Amino acid sequence: MMPVVLAADVGFPLLPALVALPIIGALLIAIVPSVRPDAAKAIAILTSMATAALGVWLLWQFETTSAADFQFPSEQSWIESAGISWLAGVDGISLWLVVLTVLLFPLAIIAVDPGHDEKPYFAWLLVLEAGCLGVFVALDLFMFFVFFEIVLVPMYFLIAGWGHGNAKYAAMKFFLYTMFGSALMLVGMLSLVFLHRSASGGDLTFSLIEIAEAQSLSTNAARWIFATFALAFAVKVPIWPLHTWLPDAHTEAPTAGSVILAGVMLKLGTYGFLRFGLYLFPEASTWAAPFFLTLGVIGIIYGAIVATMQKDLKRLVAYSSVAHLGFIVLGTFAMNTEGITGALLQMVNHGISTGALFLLVGWLYERRHTRMISELGGLQKSAPVFAAFFTVVMLSSIGLPGLNGFVGEFLILTGTFVAHRWWAVAATTGVILAALYLLWAYQRVFHGPAEGENAEMEDLRVKEIAVLVPFVAAIVFMGIFPKPVIERMEPAVDALVAHIEFHVDDFDEPVTQNRGGSGWADAEDGHSKDGENDHGDSDDHGDSDDPEDDSHAGEEVDH
Amino acid sequence: MRVLLQTSVDIPSIDWGGLSPLLIMAGAPLIFLTLWSLLGDRLPRRTPSLVTALVGVATIVAAAIQWGRLDGDLPQGFSTVAGAYGVDGFSMLLTCLIAVAVTLTALFAHDYLEREAIYSAEFFVLLMLSASGGMVMAGANDLIVLFLGVEVLSIAVYILAASHARRVESQEAGLKYFVLGAFASAFLLYGIALMYGATGSTNLAHIRDAIGGLEDRGLAFGAMALLLVGLGFKVAAVPFHAWTPDVYHGSPSPVVSFMASAVKVGGFAGLLRVFNVSLGGLADDWTPMLFVLACLSMVLGAVVGIVQDNVKRMLAYSSISHAGFILVGAEAATSDGMSAALYYLTAYTFIAIGSFAVISVVSGQGDARTSIRDFDGLAKRKPVLALGFTILLLAQAGVPFTTGFLGKFFVIGAAIETKAYLLAVVAMLSAVVGAFLYLRIVLAMYANDGDDRPAIDVPFTAAFTIAVTVLFTVFFGVFADPLVDLVRDALPVIAAG
């Protein structure tokens, strides 16, 4: 197994610039006089666009062939006596999350105006962007932790300051819940570095690569420490039953806040599981996999059922996140290339589709001042363009073949089926339920007769269409031609799986022969090489059944 | 005559340089009081405040010079005046902290005193005298000297606590602090006596050497317990904290600012030097005691703090909780633990001064508007002040990129290094509970409506003090290395005279 390495330095400090740029923007906004809210918005748009340009440039420069290595490395000693440094790099796992983040922020900033106190609003959004990017590029445990924690502050202020309804309660709950989760992670992290030091005999170091490649901890210690990390990530994802902060925070947050929360911040947890769970603690992750698979499946079904019951459209979308993130957890702990690639892809997909759904619901609320499904109806007639965009985004969220959501869910279910068949079977019902709650909601909101204010609802404006077009383009592109995305992930995912195989004695990756993401069509002779999953011919059924389930369900309810 | 000279005691050699920070802080108030009584009418009213601030700065400069000497021609630390006063990085760092507290408190205290119409030059004289007591504690290399320091520090603060003569709460605070403080002093003195009985000396170096070879440790244990009670009172650790909320609530806000910073520094100076260095040989016996004190302080400070409705009381409880965190560093009984505790103490000194400076501004005339309702909508009325206070509160909550976070990070690291996992978990959980306390205040400032509240006047001096503390908290929270290296350089050294 090739150990993961830092690639050669490219000269330009791309990643520090990526994190610093939004901060600079936030500081600029802070010194703009508050009588000029338009200036604050202009600065916010410009800096987030510039950050996006940097991010796209990073994508352009990214070497697909060596996606398993950490590229664009930058290193700078931070607290020297404690072995803490700024150590950043991007590999195939973090690449797309960075790209998602830099693209989602400018869209969210353009899409909605806060209505009051523009200056702090945009400053907080930019601080939030810097924090999220910091998490995704961090390769030092300390650095990861501080960015992981700091994102709470801007989001707390965004919810408390610009939220709706019971925003104070939601903000407080969000902050304390997630802080509680990461409190124990700090204890675990410090235990890890001290145990690593005494086992390796070297200096104190917080370097992720060094600690992960050494695997110097005893099994028992690693499991305990993994538990503290997993708790932090489970709260952040959130995994059932730690999800209770999510519906409140998502529903009460301002629209841009919900978009970012769902689109980016939930990925901090799922990304954490991959980078600081599976990579750092391969044995403990394997050991805990059935537990998390189960919670993932419960999350999928629970989230879907509760979403079906919701009366508030935004809350419905919030609960749909619980279900979607259940899929991501499922794929992550399937521990094979398909599952993890699918999970990664689904992180990006969920960011796009749920981000867009929150935007649409936000605009709906701006127009109708209600999100209650019962008070809406027949909007298709008054706002046909709105309805059309909503349909595409919703179908992506459901996982309709040809759109992006399908690819991710399919890979996850394939990977899980090979590894843990019955979990995959149970999870597949979630696909049907997703169609149920979203289509039913769509029916109630957009179909039927339009009365009163519903009949006069304003359709999408040009600016709003312009914001939505990139979302829809991504949804369609990634649905039809996911290869460019997947091929940049795969080397890193392969390396991660190989890392787990190398360090866990009795673990072999549960696989089918049609490795990778692009080949799900030719699953005929797929069979498992793993002893405990030796169900060669059933695999074929699984592979061909899932999409049918899913598309049938979609059609039936639609009619 | 000749005979007399021969039989007189040897005059110990005195390193005047090493004592210079202390001499400046102790001598200045005496000289100033004399001059002020003669010339006071002819000088501007702001003179005492500025002189005090300058004395503080001069003390910092002197301490920095002495600290610089230690790296050069002198050993890491030495003691002077027959082994009574230690000059090392530890005493110089804490001297600087106390001097910072004096400077910043004196600056904004003037406008406070004018607003409350209780202006008097004595306030500043007492402030400096009290600080000199704290500095004696910082360098005390002898239990008797430590006791002298405690008394000088405390008696001046008792008077300061009661100095808002028209407020009943202030009177009550002074009396309460005095009675309980005298009680604690008695414990301390009793502990010193027992320690003398056990080891035959009050000198910390002698005690350190003698303690390992003791056959009967019973007496030393008793002494240790009593010393811990006395010093635990000064640092406001549970269960010796009962005075804190009332005294913080009643005392004039600038005095609270001084109490939460300088008095705490003095208390921890004594505690760290006596326990971690002099009684290091008995670490196995006192770490369980500190373990209990630390846990109780952190948990009780946080839990009781969140049900308070008065911001001053909330921060009083939070200061109890912070004392618990510093004790976590002390409990590790390692040099990393010592530097962690010192880092936390440094960070908290600035945070506390800034926080109480904000309160002294918001509390308005009469120093009475300190309920959490009085902070409603502060972000609308005074956005910059609210932002500064928010940063200080978040730093106390342990949010990254502040010194407050690094303080928690280091003390928990020290605990984990010694495998005190339980303590680390208790610390982090109480930090989360504590965060609720700070967020309540932040929420009041940002999310509540406070249009009907009276206008707030922010004097320049208070703004300056708050700005300095906020910048310190954020700057060293991001660029951490200089401060970390400084406290690692400030380990106490006990040298025999």
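So, how many bridges join strand β1 of chain A to β2(A), and do they run parallel or antiparallel? There are six bridges between β1(A), residues 71-79, and β2(A), and the strands run antiparallel. Before I go on: this is a predicted model.

Okay, staying with that hairpin. One pairing you can look up is Q71(A), whose bridge partner in β2(A) is V90(A). Four residues sit between the two strands, and in this hairpin G83(A) takes a positive phi near 70 degrees. As for β2(A) itself, residues 84-90, six of its seven residues are buried, so the rest of the structure largely encloses this strand.

Now, chain B has a β1 and a β2 as well, at 77-80 and 85-88, and the loop between them holds V81(B). V81(B) isn't a glycine, yet its phi is positive, about 50 degrees. Most residues other than glycine have a negative phi, and most peptide bonds are trans. Is V81(B) buried, exposed or partly exposed? It has 18 C-beta neighbours inside 10 Å, so V81(B) counts as partly exposed.

Back in chain A, there's H369(A), another non-glycine with a positive phi, here about 55 degrees. You'll find H369(A) in the loop between α14 (337-368) and α15 (379-382) of chain A. H369(A) counts as exposed because it has 9 C-beta neighbours inside 10 Å.

Next, the cis peptides. In chain A, V237(A) and P238(A) are joined by a cis bond, with omega about -10 degrees. P238(A) lies in the loop between α9 (219-236) and α10 (245-252) of that chain. In chain B, the cis bond is between V238(B) and P239(B), with omega about 10 degrees. P239(B) is in the loop between α9 (218-235) and α10 (243-250) of chain B.

On to helices, and please find α11(A), residues 255-278. This one has 24 residues and spans 33 Å from first C-alpha to last, close to the expected 34 Å. Even so, α11(A) bends by about 40 degrees at L261(A). And it's mostly covered, with 24 of its 24 residues buried.

Another helix to click on is α4, residues 118-137 of chain A, which contains A123(A). Which residues beyond four places in sequence does A123(A) contact? Those are A26(A), I29(A) and A30(A). The C-alpha atoms of A123(A) and A26(A) are 4.3 Å apart, although 97 residues separate them in sequence. A123(A) has 24 C-beta neighbours inside 10 Å, so it counts as buried.

Then the core. The largest nonpolar core has 422 residues, and those with the most contacts inside it are I159(A), I98(B), Y344(B), I412(B), A415(B) and A427(B). Helix α14 of chain B, residues 335-362, gives the most to this core, with 19 residues. If you zoom in on Y344(B), its contacts beyond four places in sequence include F325(B), I326(B), F410(B) and V411(B).

Last, confidence. Chain A has a mean pLDDT of 84, and 89% of its residues reach 70 or more. Where in chain A is confidence lowest, and where is it highest? The lowest is helix α21, residues 536-558, at a mean of 40, and the highest is helix α5, residues 141-150, at 93. Over residues 515-559 of chain A, pLDDT stays under 50, and for that stretch the model has 79 contacts beyond four places in sequence.

Methods
Residues are numbered from 1 along each chain as its sequence is written. Chains are lettered from A and ligands numbered from 1 in the order in which they are written. This is a predicted model: local features need pLDDT of at least 70, side-chain atom pairs count only at pLDDT 80 or more; totals for chains, interfaces and linings use all residues. The expected span of a helix is 1.5 Å times one less than its number of residues. The bend at a residue is the angle between axes fitted to the seven residues ending there and the seven starting there. A residue is buried if 20 or more other C-beta atoms lie within 10 Å of its own, exposed if 12 or fewer, and partly exposed in between; C-beta atoms are placed from the backbone. Two strands pair if DSSP finds at least two bridges between them. pLDDT is the predictor's confidence in each residue, from 0 to 100. Two residues are in contact if their C-beta atoms, placed from the backbone, lie within 7 Å. A nonpolar core is a set of buried Ala, Val, Leu, Ile, Met, Phe, Trp, Tyr and Cys residues joined through C-beta atoms within 7 Å.
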